[in-house]
Amino acid sequence: MTRKHWIAAVLALLVSGAAQAAGEMLHKECAACHKLDGAAVQTLKEAFAKKGADLSYAGNKYREEWLVSWLQKPTRIRPAGMYYADHVKRGPKSDEVDPATLQDHVAISKEDATAIAAELMKLRPHDDLIAKEKIEPGTIDRQMGEMTFDKFWGCMACHEIEPGYGGLSGPEVYTAGQRLQPEFIASFIRNPQAWEPKTWMPNKNVSEGAIQKLVRYLELLAKENGNGQ
Ligand code: HEC
Ligand code: HEC
């Protein structure tokens, strides 16, 4: 072997070693709270008992660069945890999150985050659903986006559009445009149950035009929050 070939061989070994280590870490440490393979949760009992989001379709859902940075410095996505009824208490006006009941997410090194993100991106059981989506280019102004999200389709009942503003039962959506692939956003809005049969997000039969508007709005929100790249 020439020197160049040796270097290539050693690099290939290092890369496969990192992938193997990442796979082990995922199945040892992350699998305690996250589903990594198999069919989605099929009963409400299991849905309420979830300790973390289903990662078995992570490669169809997340943006890889977001995974790498979030895993090093996690911020809260679900303001009231996986199941909000476990983490809200009655406030004087409405329900309030009880932060004492919420745990911080484990943070990992840049090296581990990079390797784990690469492993997660391989999990793509729903390429078929993603292939059905076509994102049309276009823009939306904030007011029209908010009307569509809040007034026309009632999405704000469950989703925060800025920290502390909006519903508590779903993930916040002000970083969704940075976190999620646009085709996933469109597909999840079109038919949440195709991804999570027992999710409490309703299928509102959102029209094609509105789906496109909602995707643009979530991307705009992520940019306005200084999170868009
Ligand atoms: C003790 C349980 C627990 C362990 C262990 C854990 N997680 Fe999580 N994970 C959670 C919870 C709870 C959330 C939701 C956090 C939030 O809403 O801010 C979450 C969220 C996530 C998300 C974002 C999911 C989303 O869309 O809401 C990713 C990605 C993730 N975890 C990856 C990992 C990886 C990789 C590991 C292993 C290094 C890991 N987690 C270990 C409980 C856990
Ligand atoms: C009754 C509450 C509820 C309503 C109304 C609702 N959602 Fe959701 N949404 C959820 C929950 C809960 C999830 C998390 C899915 C899961 O893990 O089960 C979710 C997930 C999502 C996601 C994926 C986010 C992620 O990080 O996983 C998007 C995007 C989304 N909703 C957009 C919308 C839009 C747009 C509307 C209005 C058309 C809407 N939602 C209406 C509860 C709701």
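**Exercise 1. Work out how helix α7 packs against helix α11 in this predicted model.**

Start with the geometry. Helix α7 covers residues 142–152 and helix α11 covers residues 208–224; their axes sit 9 Å apart, at an angle of about 120 degrees. That angle makes α7 oblique to α11, because 65 to 115 degrees would count as roughly perpendicular and over 145 as roughly antiparallel. As for handedness, α7 and α11 cross in a left-handed way.

Now look at who touches whom. On the α7 side you'll find Arg142, Gly145, Glu146, Thr148 and Phe149, and they meet Lys213, Leu214, Tyr217, Leu218, Leu220, Leu221 and Glu224 of α11. Sort the residues of this contact by class and you get six nonpolar, two polar and four charged.

**Exercise 2. Helix α9 also packs on α11. Find the angle, the handedness and the residues of the contact.**

Step one: α9 (residues 182–190) has its axis 10 Å from that of α11, and the angle is about 135 degrees. The two helices are therefore oblique to each other. Step two: the crossing of α9 with α11 is right-handed.

Step three: α9 brings Pro182, Ile185, Ala186, Ile189 and Arg190, while α11 brings Glu208, Ile211, Leu214, Val215, Leu218 and Glu219. This contact has eight nonpolar and three charged residues, with no polar ones.

**Exercise 3. Which protein atoms coordinate the iron atom of ligand 1, and what is the arrangement of its donors?**

Pick out the protein donors: NE2 of His34 and NE2 of His105, at 1.9 to 2.0 Å. Next, check the angles. The six donor atoms subtend 89 to 179 degrees around this iron atom, so the arrangement is octahedral.

Then place the two histidines. His34 is in the loop between α1 (3–30) and α2 (44–49), and His105 is in the loop between β2 (95–97) and α5 (110–120), so the pair ties together parts 71 residues apart in sequence.

**Exercise 4. Describe the contact of α1 with α5.**

The axes of α1 and α5 come within 9 Å and cross at roughly 85 degrees, which makes α1 roughly perpendicular to α5. From α1, the contact residues are Ala18, Ala19, Ala22, Gly23, Met25, Leu26 and Cys30; from α5, Asp112, Ala115, Ile116, Glu119 and Leu120. By class, that's nine nonpolar, one polar and two charged.

How values were computed. Residues are numbered from 1 along each chain as its sequence is written. Chains are lettered from A and ligands numbered from 1 in the order in which they are written. This is a predicted model: local features need pLDDT of at least 70, side-chain atom pairs count only at pLDDT 80 or more; totals for chains, interfaces and linings use all residues. Side-chain values use heavy atoms; hydrogens and water are left out. Axes are lines fitted to C-alpha atoms, for helices over the stretch in contact, and angles run from 0 to 180 degrees between N-to-C directions. Helices (H or I, at least four residues) and strands (E, at least two) are DSSP runs, numbered from the N terminus. Angles under 35 degrees count as roughly parallel, over 145 as roughly antiparallel, 65 to 115 as roughly perpendicular and the rest as oblique. A crossing is left-handed if the near helix is turned anticlockwise from the far one by less than a right angle, and right-handed if clockwise. Contact means heavy atoms within 4.5 Å. Ala, Val, Leu, Ile, Met, Phe, Trp, Tyr, Cys and Pro count as nonpolar, Asp, Glu, Lys and Arg as charged, and the others, Gly among them, as polar. Donors are N, O and S atoms within 2.8 Å of the metal (3.2 Å for Na, K and Ca); water is not among the atoms, so sites may look incomplete. Four donors count as tetrahedral if all angles lie between 85 and 135 degrees; four count as square planar and six as octahedral if opposite donors are over 155 degrees apart and all others between 65 and 115; anything else is irregular.
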